[in-house]
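Notebook open, structure loaded. I want to go through the strands, the ligand shell and a couple of helices.

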Amino acid sequence: MAAPTIVIKDIHKTFGDQEVLKGMSFVVQPGKVNFLIGRSGEGKTVALKLLTGLLGPDAGEIWYDDLELSQAETKDLYDLRLRIGLLFQDGALFDSLSVGENVAFPLWFHRKAKAKVTRAKAEGLLTDLGLADAYDRPVTSLSTGERKRVALARALIVEPEILFFDEPTTGLDPLLSAQVDGLISQAQERSGATVLVISHDIAATLTLADQVSMLYDGRIIASSTPDELRANPSPEVRKFLAGATD
Ligand SMILES: Nc1ncnc2c1ncn2[C@@H]1O[C@H](COP(=O)(O)OP(=O)(O)O)[C@@H](O)[C@H]1O
Ligand SMILES: [Mg+2]
């Protein structure tokens, strides 16, 4: 199956008395680099959890081509998960596994792949990401930047048609950020995947994105190309682009 179009329709999500999403709608363009931006605490990570089925919405629909998540059979959801590579905000590595075991984990888990093939593949990806010979290192020995790259390798190893990255460069120095940004573009170009990056890094967003959607007060207030976003007259958009991220 090719990279899907993901359509998010009128999603509502409340926690306790906090209404986080109040009718969020946007389209994630197939085979493109899409960004979801917004201030800290707006609900971007919640949106990603809804998109990946880790959370259910109170109302609204999430479509992957002609599959709607809340209506989908367990088997369809499982098949969809196999097509998704996910990079969590904090990397979420397993500290009890080695670097290489972390990277290979999705292959063992989903595909029951042969150990030798799996190791070769993980080593290849680690080498691509500047971590040759890191396979047997303990995860606890990694720097922040290395953790990000290992988490990225783990997201890429299933060669997913859909890639979700939650703040892939937050907490990295500018050099490493640029490196991770480059890897995201490369991964997209190589695989033609549908990519959604959550970010509050404005410079990266405007450089890398084909399409940018901005979440503000529970709704998407702009969804356009970076150039159109730059010309958007909305005060909220202007303020965000000017760097007022919190
Ligand atoms: N499981 C949860 N239970 C209660 N509140 C939550 C939960 N997940 C997120 N929230 C709240 O939803 C809001 C949006 O969070 P989040 O999606 O993490 O923001 P961000 O845009 O920074 O990623 C925050 O106020 C957060 O505290
Ligand atoms: Mg977040």
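I started at Ile8, which stands opposite Ile62 in S4. Before going on, I noted that this is a predicted model, where local features need pLDDT of at least 70, side-chain atom pairs count only at pLDDT 80 or more, and totals for chains, interfaces and linings use all residues. Residues are numbered from 1 along each chain as its sequence is written, while chains are lettered from A and ligands numbered from 1 in the order in which they are written.

My helices (H or I, at least four residues) and strands (E, at least two) are DSSP runs, numbered from the N terminus. Two strands pair if DSSP finds at least two bridges between them.

What else does S4 show me? Lys9 stands opposite Glu61 there. S1 (residues 6-15) and S4 (residues 59-64) pair in the antiparallel sense, over five bridges. In S2, Ile8 has Phe26 as its bridge partner, and S1 and S2 are antiparallel too, with eight bridges. Their hairpin has two residues between the strands, and Gly16 takes a positive phi near 60 degrees.

I then traced the whole open sheet: four strands in the order S2-S1-S4-S5, with antiparallel pairing. S2 (18-28) and S5 (67-68) are the edge strands, each pairing on one side only.

I looked up S9 (residues 211-216) and S10 (residues 219-224), which run antiparallel and are joined by five bridges. Ser213 stands opposite Ser223 in S10. Two residues lie between the strands of this hairpin, and Asp217 in the turn has a positive phi of about 50 degrees.

**Ligand 1**

Which residues are around ligand 1? I listed Phe15, Val20, Gly38, Ser40, Gly41, Glu42, Gly43, Lys44, Thr45 and Val46; near here means that the C-beta atom, placed from the backbone, lies within 6 Å. Helix H1 (residues 44-51) gives the most to this shell, with three residues. By class I get three nonpolar, five polar and two charged residues. In that scheme Ala, Val, Leu, Ile, Met, Phe, Trp, Tyr, Cys and Pro are nonpolar, Asp, Glu, Lys and Arg charged, and the others, Gly among them, polar.

**Helix H4**

The 14 residues of H4 (residues 115-128) should span 20 Å at 1.5 Å a residue, and the end C-alpha atoms are 20 Å apart, which agrees; the expected span is 1.5 Å times one less than the number of residues. I found Thr118, Ala122, Leu125 and Leu126 buried (20 or more other C-beta atoms within 10 Å of a residue's own; exposed is 12 or fewer, partly exposed in between, with C-beta atoms placed from the backbone). Seen down the axis, the buried residues of H4 fall within an arc of 100 degrees, so they line one face of the helix. The arc is that of the directions from the helix axis to the C-beta atoms. Lys116, Val117 and Ala120 are exposed on the other side of H4. After H4 comes Gly130, with a positive phi near 75 degrees.

**Whole chain**

I counted nine helices and ten strands in the chain. The radius of gyration is 18 Å, close to the 18 Å from the globule rule for 246 residues, so the chain is as compact as a globular protein of that length. The radius is taken over C-alpha atoms, and the rule is 2.2 Å times the number of residues to the power 0.38. Last entry: 41% of the 246 residues count as buried.
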